[in-house]
Amino acid sequence: MFTPLLDLLFPPRPDEVLVRHASHEDIEKLLSPQIENDIISLLSFKEPLVSACVHECKYYKNRKAISLLAHALSLFLTDWCIEHQELQGRTILTYIPLSKDRQKARGYNQVEEILAASGWKYEQVLQKVRNTVSQTTLS
């Protein structure tokens, strides 16, 4: 009811609009796990909805974007566990922590937010030992 008025007063970001109108089914259609050098990517960043979700999650802690990405992760993990039953009990789901400075500036770790929203058990087993340059400044 108030969204059109708020959008008029505070125009939403293009990525925010894309995420706002997306559904779990939309992200499911884009789920296409790829394995290269033992690294699994679940979604293509070239897809506008995927890049919008990543940007909204990373820079704005957009709950809908987090939910969409968590849904994709949960679907993948469910299938992966069925296919790799021999690894159950020997697999740890974790994330790469942010540096203390980046964590303080942003206030959250977007990957930890996605993991928490996915409903899967995860652990913080890694520790950041030195601050590094932001990856966005490297390209």
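Asn62 counts as buried because its relative accessibility is 15%, where buried means under 20% relative accessible area, exposed over 50% and partly exposed in between, with a 1.4 Å probe and protein chains only. This is a predicted model, in which local features need pLDDT of at least 70 and side-chain atom pairs count only at pLDDT 80 or more, while totals for chains, interfaces and linings use all residues. Residues are numbered from 1 along each chain as its sequence is written, and side-chain values use heavy atoms, with hydrogens and water left out.

Asn62 sits in the loop between helix 4 (48-60) and helix 5 (63-83); helices (H or I, at least four residues) and strands (E, at least two) are DSSP runs, numbered from the N terminus. Its side chain reaches the backbone nitrogen of Lys64 at 2.9 Å. When neighbours within four places in sequence are left aside, Asn62 is in contact (heavy atoms within 4.5 Å) with Glu16, Val19, Glu56 and Cys57.

On a 1 Å grid over the protein atoms alone, where a 1.4 Å probe is used, a pocket is an open set of points with protein on both sides within 12 Å along at least five of seven lines, and its lining residues have an atom within 4 Å of a point. A volume is the space filled by probe spheres set on the points.

| Pocket | Volume | Lining | Nearest the centre |
|---|---|---|---|
| Largest pocket | about 1900 Å³ | 48 residues | Thr94, Tyr95, Ile96, Val111 and Ile114 |
| Second largest pocket | about 250 Å³ | 15 residues | Pro97, Leu98, Lys100, Gln124 and Lys128 |

Helix 5 supplies the largest share of the lining of the largest pocket, seven residues, while strand 2 (39-41), helix 4, helix 6 (100-106) and helix 7 (110-118) are among the elements that each supply at least two. The residues of this lining divide into 28 nonpolar, 14 polar and six charged, where Ala, Val, Leu, Ile, Met, Phe, Trp, Tyr, Cys and Pro count as nonpolar, Asp, Glu, Lys and Arg as charged, and the others, Gly among them, as polar.

Methods. Polar contact = N/O pair within 3.5 Å; in protein donor to acceptor, adjacent residues only side chain to side chain.
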